[in-house]
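Work through these exercises with the model open beside you. Try each task before reading its solution.

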Amino acid sequence: QGSKFCFPASLTGPRGPPAAAMNAQHFELMRDLINPNYALQAEQARNSRSGMISTLLSQRRLPDKGWDDDSIRMLLEELASFDTNNFMGNVGVGEREGRVISELVRQRHFGLTHGIGRSGDVMAEQPKAAGSSLIVQLTRYLALDAIRLAGIKAAKACCVLPAATGLTMTLVFLAMKQLRPSGRYVVWSRIDQKSCFKAIGAAGLQPVVVELKPLEGSDALGTDVAGIRAAVERLGAENVLCICTTTSTFAPRVPDSVDEVAKIAKELDVPHVINNAYGLQCSKCTHLIETGCRSGRVDAFVQSTDKNFLVPVGGAIVASPQSKLIDKVSELYPGRASMSPLLDLFITLLSLGSSGWKKLLDDRKKNAEWFQERLGAAVERQGLRLLRVPANRISFAVDLSPLAKSLESKGHGDVDHLTFLGSALFTRRVSGPRVVLCAQPEASGEEASGVSGAEGEALEAQASVKVKGKFKKTIDGIPFQSYGAHVNTYPCCYLTAACALGATREEMEAFITRLDSALQDYRKGAGRKEKNKEPTGKS
């Protein structure tokens, strides 16, 4: 007694989770102790919450209205009491008995300390953890319902893994390798985001990069569908493990033409995996996946839990129109796994309910339209413009070529200085925007793709900066020019900002104000002055 440490429940008795819930008999006995009317009222209150649990267990979908925190807490405590580490009088003599020495840690996990799965399947039930096993299955049902409500009604199966999107993609590739042992290539539509690309190499596979192409009449970069077909045919369909496309992405890239690629995958009998990292929040992305599932071939699509459901980083959902690959991914995961990402998602989905989830999606869509209009007007006052990328409804890009033109006129041809905008915003407590420096097409060679004649003045500024070959990055032995821009050359350097799920108009308004301040400081020479200061002579 008095120790700061908390010893196993088998030594000190159960802590936290209730030994038993009040049942009808208990309320009947209460009538001899207190006013029967009060006992009846208490029983009705208890039955209201019991009814919520009955509905959840029978319907296995998001509640129409989100649960209050007390109801969620009561459910978690009761489910935790089903795990052996919380049994009264339990004696554990195995090497892993859910023992937790810190009371703070135990409270953080609601006493659910056995984790999920068994050594042969991360989704399997645990004999020692009936409560945890039930949460795993309920979370799968709730996540699948949320995916369908977001617009992908073709989804029939899913699993929630305690790994972020990149590692989950690796697990999908490895599971697919077992089902398609001859496949060693992944035909990958380029996106300059490291996780998905490194996931291919981590699975021991060889990526075949298909470059994007400019989309006529806009500044956007889109899928080279013909290039994907040509790559598969050149390699031989039997040697291709899968085609990998992406939905959610930084502008000026737009979601891949998932629907068209799905038709090619079906025709050539090649699996198709979609990186849908934060695409659930965007109806454009979910519509593309739904259409691809119904009219072509989609084997799996992977999405992040933190970006789509506003929970801490660490989880991802693998979903599919069929269960075969989902089962294989679950079986592939080595050993048991952490409960935390699933528990976070379970709590959040119960808290949101279907009405809260749909409101989040609708609010983001309206905010994105509002943000695009306000940001466009703000940068126009600074002599800049928003790039025209209508198919990307999450990310927006600001053309910085007039600033580059201004640099050159003052004898500062090095566009590296543009990155000051990113650091200036960060010091103003703005996180998320990216300044992308890229090589421009040669004036006499490649065309400044995606820019119409009406943008002649901007073209003149863009063509003045020649930095080709400077922004090269090599990842897993494969070089990428202008890494971050999704293509080898692009007509301008730019800044991106996103209107993602959960962002408020107050935040976005503050960003626009601080961007305006950063641009004004930049025009006055901030950043360049510091960089060009003479050394003081101190060693």
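The model is predicted: local features need pLDDT of at least 70, side-chain atom pairs count only at pLDDT 80 or more, and totals for chains, interfaces and linings use all residues. Residues are numbered from 1 along each chain as its sequence is written, and side-chain values use heavy atoms, with hydrogens and water left out.

**Exercise 1. The whole protein**

Task: State how many helices and strands the protein has, and what share of its residues is buried.

Solution: 
- Step 1. There are 19 helices and 15 strands. Helices (H or I, at least four residues) and strands (E, at least two) are DSSP runs, numbered from the N terminus.
- Step 2. Of the 539 residues, 52% are buried. Buried means under 20% relative accessible area, exposed over 50%, and partly exposed in between (1.4 Å probe, protein chains only).
- Step 3. Look at contacts with a separation of 6 or more: residues 24 or more positions apart account for 74% of them. Contact means heavy atoms within 4.5 Å.

**Exercise 2. Helix 18 and its partner**

Task: Find which residues of helix 18 are buried, then describe how helix 16 and helix 18 cross.

Solution: 
- Step 1. Helix 18 covers residues 505–523. Its 19 residues reach 27 Å from first C-alpha to last, close to the 27 Å expected at 1.5 Å a residue. The expected span is 1.5 Å times one less than the number of residues.
- Step 2. The buried residues are Met508, Phe511, Ile512, Leu515, Ala518, Leu519 and Tyr522. They cover an arc of only 130 degrees around the axis, so they sit on the same side of helix 18. The arc is that of the directions from the helix axis to the C-beta atoms.
- Step 3. Glu506 and Thr513, on the other side, are exposed.
- Step 4. The axes of helix 16 (residues 420–427) and helix 18 come within 9 Å and cross at roughly 130 degrees. Phe420, Leu421, Ala424 and Leu425 of helix 16 make the contact with Phe511, Arg514, Leu515, Ala518, Leu519 and Tyr522 of helix 18.
- Step 5. Just after helix 18, Gly525 has a positive phi of about 100 degrees.

Definitions and conventions. Axes are lines fitted to C-alpha atoms, for helices over the stretch in contact, and angles run from 0 to 180 degrees between N-to-C directions.
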